Amino acid sequence: LFVWVGVVTCDAALKAASSIRRLFMRTRPYRWAGIAIAVAFVCALSSTAFAQDATYIGESQCKVCHSKADTGNQYAKWTAEKHSKAFASLKSEEAKEVATKAGVTKPPTEAPECLKCHVTAFDGTKVPEKIDMAKGVQCEACHGPGSAHKAEGLKAMKKDPAAKVVESTKKGDAETCKQCHNKDNPTYNPERYTLKDGTKADFDYEQALAKIAHPNPKKAAAK
């Protein structure tokens with residue numbers, strides 16, 4: 001069954017749900033649960049497929065659509081906060097001191113130990129061709145490679161009903177952040193955030209996300 005359900009477009013979700021519903025007909029309490037599982041599973045596969053095929057395009061391509069005031073100007077918000085300056089921060093005297101204390105032997109701007117969290121998509125030796133390291137932690141660090149999202153966005157601009165703008169990009173989450181905001185970070189501070197229960201922590205996703213919030217007001221109004 002799951003081999004058949006493994007289609008990669010949300011358009012197929014209703015067909016998948018119909019088939020699963022037939023399987024669950026004899027067990028009435030689980031009928032709609034089966035349908036919900038089918039829809040969620042197929043849509044998840046759709047996002048996964050886009051991510052596997054996509055390539056990095058660089059923040060300048062994101063800017064084309066995400067710099068408009070009426071949709072939230074996410075690009076301006078990103079340039080105003082620290083992620084966009086992550087690589088530049090490695091040039092500071094403070095960064096050099098931190099690196100030295102951490103046992104890093106190369107200059108921070110060249111050290112893999114630093115670059116893995118201060119630039120986008122660093123693989124240990126280099127970044128993708130279209131990624132400018134000077135632009136720090138860019139959109140695609142959290143949302144994944146953007147080529148498919150760009151292509152689907154262009155379809156949407158042409159009023160193509162088959163465009164899958166949302167499915168073609170990744171939604172950032174706590175686990176993505178924790179790849180860098182963790183105890184391995186030489187600037188780790190166990191009392192950086194105060195949690196709701198009064199305890200301290202180095203990282204709190206909700207508070208950190210609020211600092212870099214970049215919503216689309218049109219989407220919010222549509223809910």
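The structure holds one disulfide, a term used here for a pair of cysteine sulfur atoms within 2.5 Å. This is a predicted model, in which local features need pLDDT of at least 70 and side-chain atom pairs count only at pLDDT 80 or more, while totals for chains, interfaces and linings use all residues. Residues are numbered from 1 along each chain as its sequence is written, and side-chain values use heavy atoms, with hydrogens and water left out.

**The disulfide**

- Cys117 and Cys180 form the bond, with their sulfur atoms 2.1 Å apart.
- The disulfide is left-handed because the torsion about the S-S bond of Cys117 and Cys180 is about -95 degrees.
- Cys117 lies in helix α7 (residues 112–118) and Cys180 in the loop between α10 (174–178) and β1 (193–194), so the pair ties together parts that are 63 residues apart in sequence.
- Cys117 is partly exposed, at a relative accessible area of 24%, and Cys180 is also partly exposed, at 22%. Buried means under 20% relative accessible area, exposed means over 50%, and partly exposed lies in between (1.4 Å probe, protein chains only).

**Cysteines too far apart for a bond**

- For Cys139, the closest cysteine sulfur is in Cys62, 3.8 Å away, which is too far for a bond. Cys139 counts as partly exposed at 22% relative accessibility.
- For Cys177, the closest cysteine sulfur is in Cys142, 5.8 Å away, again too far for a bond. Cys177 counts as partly exposed at 21% relative accessibility.

**Overall fold**

- The protein has twelve helices and two strands. Both are DSSP runs numbered from the N terminus: helices are H or I with at least four residues, strands are E with at least two.
- Along the sequence the pattern is α-α-α-α-α-α-α-α-α-α-β-β-α-α.
- Among contacts between residues at least 6 apart in sequence, 53% join residues at least 24 apart; a contact means heavy atoms within 4.5 Å.

**Surface and core**

- Of the 223 residues, 29% count as buried.
- The accessible surface comes to about 14,600 Å², of which 59% belongs to carbon and sulfur atoms (Shrake-Rupley method, 1.4 Å probe).
- The largest nonpolar core has eleven residues, among them Phe87, Leu90, Cys114, Leu115, Phe122 and Ile131. Such a core is a set of buried Ala, Val, Leu, Ile, Met, Phe, Trp, Tyr and Cys residues joined through side-chain atoms within 4.5 Å.
- Phe122 touches Pro112, Leu115, Lys116 and Val127, not counting residues up to four places away in sequence.
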